[in-house]
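Please read it with the sequence and the model open side by side.

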Amino acid sequence: MADNRVKTGILVPLTRNLVADSTISNIAIFEGDNVIGRSNLLEPDKRVSRKHITLQVSADSSTKIVVEGPNPIILRSGGQRKKVSFQERANLIDGDIIELIPGHYLYKHVKGGDKRILPETNSGLLRKEKRQSVEEALVNKRIRQADTCESFSSNLQVHTILLRISYIVTQVFTSCDEEAIRHYRVTTKTLPSTFRLMQVQCVPAWANTSSITIGDVIQGNALVAILSNYMVDIDWLKVKLANWVFHKPSLPIAYGTHHSKAMLLVYPKGVRVVVHTANLIHVDWNNKTQGLWMQDFPWKGNDQCMDSLFENDLVDYLKALKVRLIASVPGYHTASNLKKWGHMKLRSVLENCVFDKEFCKSPLVYQFSSLGSLDEKWLSELAVSMSSGVSSDKSPLGIGKPLIIWPTVEDVRCSIEGYAAGNAIPSPQKNVEKAFLRKYWARWKANHVGRCHAMPHIKTYARYNAQNLAWFLLTSANLSKAAWGALQKNNSQLMIRSYELGVLFLPSSKANEKAFSCTDDHVLQQENSSSGYMTGGGSVRLATLCWKGNNPNESSKVIQLPVPYQLPPQPYDSSDEPWSWDKRYTKKDAYGQVWPRRVHLHVDQDG
């Protein structure tokens with residue numbers, strides 16, 4: 001069972017005039033360590049560290065404040081303002097005021113108040129978020145969303161909220177079975193050629209068919225684990241090792257991030273390669289629509305000298321990280337490196353693929369969770385790369401028209417997390433409300449996988465015709481120049497700001513031959529194929545879960561991918577409003593909350 005903790009007081013947000021700010025929620029203080037930082041702010045401010053200060057409350061309710069971040073704070077006590085710097089400590093008494101940044105983010109310490117015993121949830125940002133969500137759910141459970149939900153309930157278990165939502169399907173899809181994933185099965189021969197959705201705790205059981213948890217990925221006697229990510233909660237991983245090594249990749253260009261999400265698990269028998277879309281935090285692996293691909297590779301024998309294209313990509317990518325797939329690495333890439341990374345890498349791979357004639361001028365779909373500052377010129381540049389490839393007569397496929405799948409305000413409001421889900425869709429009005437984007441917007445519709453109310457953090461790009469797929473990319477890359485790169489100097493140079501990683505699925509002319517697993521008791525054994533890139537026009541084709549046999553080449557085998565959204569996408573209508581995380585929304589969500597509200601930020605943007 002979780003430990004119990006006593007609430008000893010609150011931090012009350014103040015305006016600069018020292019008046020309580022009713023637009024920001026109080027921060028509850030509990031016996032033990034209380035971490036306060038950037039996630040407690042309404043809007044991100046990099047001057048405030050994620051772990052900015054710690055309030056240490058002893059059994060007698062005496063409180064000390066410890067500065068954890070590099071920037072000093074100001075403590076107002078007894079009419080005086082005292083500067084407290086990194087790793088310094090000070091006593092905190094009733095009525096004292098904390099300035100997290102001198103002159104900014106003021107909080108008054110008020111002791112006492114509600115002494116309810118609450119579950120221990122303060123060992124990390126995520127546990128604090130779950131505590132707040134539980135309290136809100138209990139207070140507001142009488143509120144129902146009659147327009148999308150028949151019922152809403154919540155209960156508390158040790159580490160998570162289990163919400164059960166039964167919703168009325170308001171639209172009948174003629175192109176897709178409403179529960180298509182119920183019949184989805186992954187065989188040992190098809191596993192390397194597809195990906196899986198991650199389990200969501202608050203969807204019907206059928207929606208998690210063939211879905212995966214982190215326990216299905218990290219298992220067995222791993223000798224070494226290399227975890228590459230943007231955001232990591234070590235406490236949630238539940239492994240307290242003494243030999244953690246943290247590596248911070250070089251970011252040579254301003255505003256770039258290390259955004260790749262991957263794992264390399266080294267076993268005595270081989271290596272497990274995992275490419276996925278989730279941060280290593282609880283909410284990402286439990287409450288959101290996410291995707292994951294993995295494959296086990298045996299160690300090479302002395303007689304195995306042939307490299308695969310997949311292996312070469314992986315090695316190149318790891319070399320760039322100092323410690324390769326469709327990857328992005330920050331820098332100014334020219335000459336032989338021009339087509340090595342970003343959208344130019346995708347262009348170079350697709351240029352060498354032959355696709356069926358049905359994909360000539362067929363549409364594109366872009367789906368992601370953060371939108372950069374875009375212009376039409378760059379979108380055209382990206383579409384050229386995404387539209388590359390030739391048909392069987394060697395003529396170019398032609399430029400496809402893209403649609404952008406992006407949640408509406410109503411999607412976020414009615415989600416299983418309510419408005420809190422909007423923190424993982426962190427795009428501001430100035431990026432979202434550009435007039436030229438209106439013609440690209442399409443709805444997030446995921447009835448066939450039971451995830452209409454599990455907001456997407458997955459990032460995917462594809463070319464399709466009805467339910468047939470020319471290719472499909474599962475990646476960490478959001479729609480931004482920082483992630484995909486932008487051509488410069490008369491198209492002789494590609495500038496990329498961020499690290500990204502994705503796996504590209506293509507039709508295959510060669511079937512996989514034998515299975516291999518790094519773990520003896522691994523249920524879903526992996527196929528070992530000779531190449532991660534497979535040329536098109538062969539015996540294996542790609543389709544969605546909603547494919548119903550409209551295959552013109554009956555001799556071809558069809559691999560179905562669990563694409564989590566409806567194809568073709570449904571364009572916005574006049575009443576749909578794209579979500580912006582810095583805009584105010586007053587219609588209450590299922591928790592009775594409006595937006596903005598104080599929740600722990602999940603900033604996953606790179607643009």
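1. Basis of the model. This is a predicted model, in which local features need pLDDT of at least 70 and side-chain atom pairs count only at pLDDT 80 or more, while totals for chains, interfaces and linings use all residues. Residues are numbered from 1 along each chain as its sequence is written, and side-chain values use heavy atoms, with hydrogens and water left out.

2. Overall content. The protein has 10 helices and 34 strands; these are DSSP runs numbered from the N terminus, helices being H or I with at least four residues and strands being E with at least two. Of the 607 residues, 57% are buried, where buried means under 20% relative accessible area, exposed over 50%, and partly exposed in between, with a 1.4 Å probe and protein chains only. The accessible surface is about 25,500 Å², and carbon and sulfur atoms account for 53% of that surface. Such areas come from the Shrake-Rupley method with a 1.4 Å probe, and for residues only the protein chains shown count as cover.

3. A sheet of 4 strands. Strands E3, E4, E5 and E8 form an open sheet in the order E3-E4-E5-E8, with antiparallel pairing. Two strands pair if DSSP finds at least two bridges between them. At the edges lie strand E3 (32–36) and strand E8 (89–92), each pairing on one side only. From one strand to the next the twist averages 25 degrees; the axes are lines fitted to C-alpha atoms, and angles run from 0 to 180 degrees between N-to-C directions. Strand E4 (residues 53–57) is joined to E3 by 5 bridges, and Ile36 has Ile53 of E4 as its bridge partner.

4. A sheet of 3 strands. A further open sheet has the order E20-E29-E28, also with antiparallel pairing. Its edge strands are E20 (331–334) and E28 (486–488), each of which pairs on one side only. The twist here averages 30 degrees from one strand to the next. Between E28 and strand E29 (residues 493–496) there are 3 bridges; Gln488 has Gln493 in E29 as its bridge partner.

5. Which residues does UniProt list for "binding site"? The unreviewed entry lists Lys261 and Lys459; annotations of this kind may be inferred rather than shown by experiment. Lys261 lies in the loop between helix H3 (234–237) and strand E16 (262–266), and counts as buried because its relative accessible area is 0%. Its side chain reaches the backbone oxygen of His259 at 2.9 Å. Lys459 lies in strand E26 (residues 459–465) and is buried, with 0% relative accessibility. The Lys459 side chain makes a polar contact with the side chain of Ser369 at 2.7 Å. A polar contact is a pair of N or O atoms within 3.5 Å; within protein, one must be able to donate a hydrogen and the other to accept it, and residues adjacent in sequence count only if both atoms are side-chain atoms.

6. Tyr572. Is Tyr572 buried or exposed? Tyr572 counts as buried because its relative accessibility is 11%. This residue is found in the segment after strand E34 (557–561). Not counting residues up to four places away in sequence, Tyr572 touches several residues, including Trp406, Arg438, Trp441 and Pro578; contact means heavy atoms within 4.5 Å. The side chain of Tyr572 reaches the backbone oxygen of Trp406 at 2.6 Å. Trp444 is 128 residues away from Tyr572 along the chain, yet their C-alpha atoms are separated by 9.7 Å.
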